[in-house]
Amino acid sequence: MEFQPSRQIATALQWILNIALLMLGVLLIIFMGKETLTLMRLVFSVQEKTTYLLLDSIVTYFLYFEFIALIVKYFLSGYHFPLRYFIYIGITAMVRLIIVDHTDAMATFLHTLSILVLIVALYLANTDKLKRA
């Protein structure tokens, strides 16, 4: 067996990345649980501004969910992050931004244009020419 330092370095870095992603996944699950409690509190709240806070909480919950799904997909797909998952997260984050801060019409318009660009990128990423074999 031949000594290959580059292979050993790559394997060590892969292990470090995997452990870090597992720790991040656990942390995200904890924050998702906290967001679940916040969401439940808002559902049973009778405040006037609850609607925006509830929508913000729901979209934030989906962001946590998407990041956890991205980490799961990373391990299931042989240590590869699919591009479309990052695009899904970007679209959800932009929707959350529009829901939370829609006071400036031009900024909201630019955010919607960025969602359109992300949707076009998602379409292009899902075409047969760009898919992996």
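1. M106 counts as exposed, with a relative accessibility of 52%; the cut-offs are under 20% relative accessible area for buried and over 50% for exposed, with partly exposed in between (1.4 Å probe, protein chains only). M106 is found in helix α4, residues 105–125. Helices here are DSSP runs of H or I with at least four residues, numbered from the N terminus. Between the C-alpha atoms of M106 and Y61 there are 27 Å, and the two residues are 45 places apart along the chain.

2. On the basis of the note: this is a predicted model, in which local features need pLDDT of at least 70 and side-chain atom pairs count only at pLDDT 80 or more, while totals for chains, interfaces and linings use all residues. Residues are numbered from 1 along each chain as its sequence is written, and side-chain values use heavy atoms, with hydrogens and water left out.

3. The protein is divided into domain 1 (7–79) and domain 2 (82–132), with bounds that come from an automatic or database domain assignment. Their centres, taken over C-alpha atoms, lie 19 Å apart. Domain 1 gives 12 residues to the contact and domain 2 gives 12 residues, where contact means heavy atoms within 4.5 Å.

4. About 1,100 Å² is buried between domain 1 and domain 2, and carbon and sulfur atoms give 78% of this area. Buried area is the accessible area (1.4 Å probe) that two parts lose on being put together, summed over both. Of the area that domain 1 buries against domain 2, V59, E66 and L70 supply 41%, more than any other three residues.

5. One salt bridge is counted between domain 1 and domain 2; the term requires a side-chain nitrogen of Lys or Arg within 4 Å of a carboxyl oxygen of Asp or Glu. On the side of domain 1 that touches domain 2, there are eight nonpolar, one polar and three charged residues. Nonpolar covers Ala, Val, Leu, Ile, Met, Phe, Trp, Tyr, Cys and Pro; charged covers Asp, Glu, Lys and Arg; the others, Gly among them, are polar. The side chains of R96 and D56 form a salt bridge, at 2.9 Å from N to O.

6. T92 is in helix α3, residues 83–100, and is buried, at 13% relative accessible area. Leaving aside residues up to four places away in sequence, T92 touches V59, F62, L63 and E66. The side chains of T92 and E66 are also joined by a polar contact of 2.8 Å.

Methods:
Helices (H or I, at least four residues) and strands (E, at least two) are DSSP runs, numbered from the N terminus. A polar contact is a pair of N or O atoms within 3.5 Å; within protein, one must be able to donate a hydrogen and the other to accept it, and residues adjacent in sequence count only if both atoms are side-chain atoms.
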